[in-house]
Amino acid sequence: MHFSQVKILLVAAGAVHLTNAHTTFTNFFVDRVDQGDGTAVHMSNNIQQATYPLPNVTTPDMACGVNGETGVARIASVNAGSNLTFEYRAVPDVSTVSRGVSIDLNHKGPYAIYVKKVTDSSASHNAAGDGWFKIMEDGYDSVAGKWCTEKLIPNDGHLSATVPSDLAPGYSLVRAELLALHQADKTPPDPQFYVGCA
Ligand SMILES: [Cu+2]
C-alpha cells in the first residue's frame, strides 16, 4: 500500500494526521498467539509521539524505547524454540484504522531481536546496560530486492524470532529493533531506530 493510499484511508476513518507515518512495536505474540494490545509490552505513554523514532543513539531509551524502563505487570511465558512475533503499527490504536498499516514504504532497513536475562521481568530499570545478546537479524534480501521493512508491510507488521534452545530458564526481556535508513545518508544523518521490549 502506498503512503497516499494510507493517508486517504486515515482521513476517511477520521483519524488524526499521520506525521511521517513512523511506527512502533505494540503487540507481542508467542507461538503466533497475540498476547493483546500493549500486553507484556513496554510502551511509550506519550500518545502523540509513541510512533516517533528515538532522537539519538546515545539515549538510554535505546534499550527499550521511551518509558521502556517502566516495568509492566503482565509477563508472557515462552518455551525454548517458541516463535516470537513483534507487531509494528504506524498507528498504535488500530480500532480507528485498518489493521496492517505498519510503516510507510519509504522506510528501508534491517531489524534485529535481542534478549537479556533479568532477575524479574516485571521490575523497572532492567533494560539499559550490559547483558543483551542478539538472537535474530535480517537486512536486505538481494534475491527479492527488498529490505525487511518492505516485507513488513505485506506481513501485517510482523517481525519474528525463535527462542534459542539453550536459553537458560528464568526471566528475560526481549527487545525488537527496527532501523530505518532512508534518512541516514542525509545531513545531519538521521537513522531512525524504533525499539521496544516485551
Ligand atoms: Cu519514520
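1. Basis. The model is predicted, so local features need pLDDT of at least 70 and side-chain atom pairs count only at pLDDT 80 or more, while totals for chains, interfaces and linings use all residues. Residues are numbered from 1 along each chain as its sequence is written, and side-chain values use heavy atoms, with hydrogens and water left out.

2. Disulfide. A search of the whole structure gives one disulfide (a pair of cysteine sulfur atoms within 2.5 Å). The partners are C64 and C197, with sulfur atoms 1.9 Å apart. C64 lies in the loop between β2 (33–34) and β3 (83–89) and C197 in strand β10 (residues 192–197), so the bond ties together parts that are 133 residues apart in sequence. Strands here are DSSP runs of E with at least two residues, numbered from the N terminus. The torsion about the S-S bond of C64 and C197 is about -80°, which makes the disulfide left-handed.

3. Cysteine burial. C64 and C197 are both buried, where buried means under 20% relative accessible area, exposed over 50% and partly exposed in between (1.4 Å probe, protein chains only). C148 is also buried, at a relative accessible area of 4%.

4. T26. This residue sits in strand β1 (residues 24–30) and is buried, with a relative accessible area of 2%. Its side chain makes a polar contact of 3.3 Å with that of R89; the term denotes a pair of N or O atoms within 3.5 Å, where within protein one must be able to donate a hydrogen and the other to accept it, and residues adjacent in sequence count only if both atoms are side-chain atoms. Beyond neighbours within four places in sequence, T26 has contacts (heavy atoms within 4.5 Å) that include D37, E87 and R89.

5. R89 and D37. The structure holds seven salt bridges (a side-chain nitrogen of Lys or Arg within 4 Å of a carboxyl oxygen of Asp or Glu). One of them joins R89 and D37 at 3.2 Å, N to O. R89 is in strand β3 and D37 in the loop between β2 and β3, 52 residues apart. R89 is buried, at 2% relative accessibility.

6. Other salt bridges. E177 pairs with R175, the closest N and O atoms being 3.0 Å apart; E177 is buried at 13% and R175 is buried at 6%. D185 pairs with K186 at 3.2 Å between the closest N and O atoms. D185 is exposed at 62%, and K186 is partly exposed at 40%. Through shared partners, salt bridges also join D37, E87 and R89 into one network.

Terms used. Helix = DSSP H or I, 4+ residues; strand = E, 2+ residues; numbered from the N terminus.
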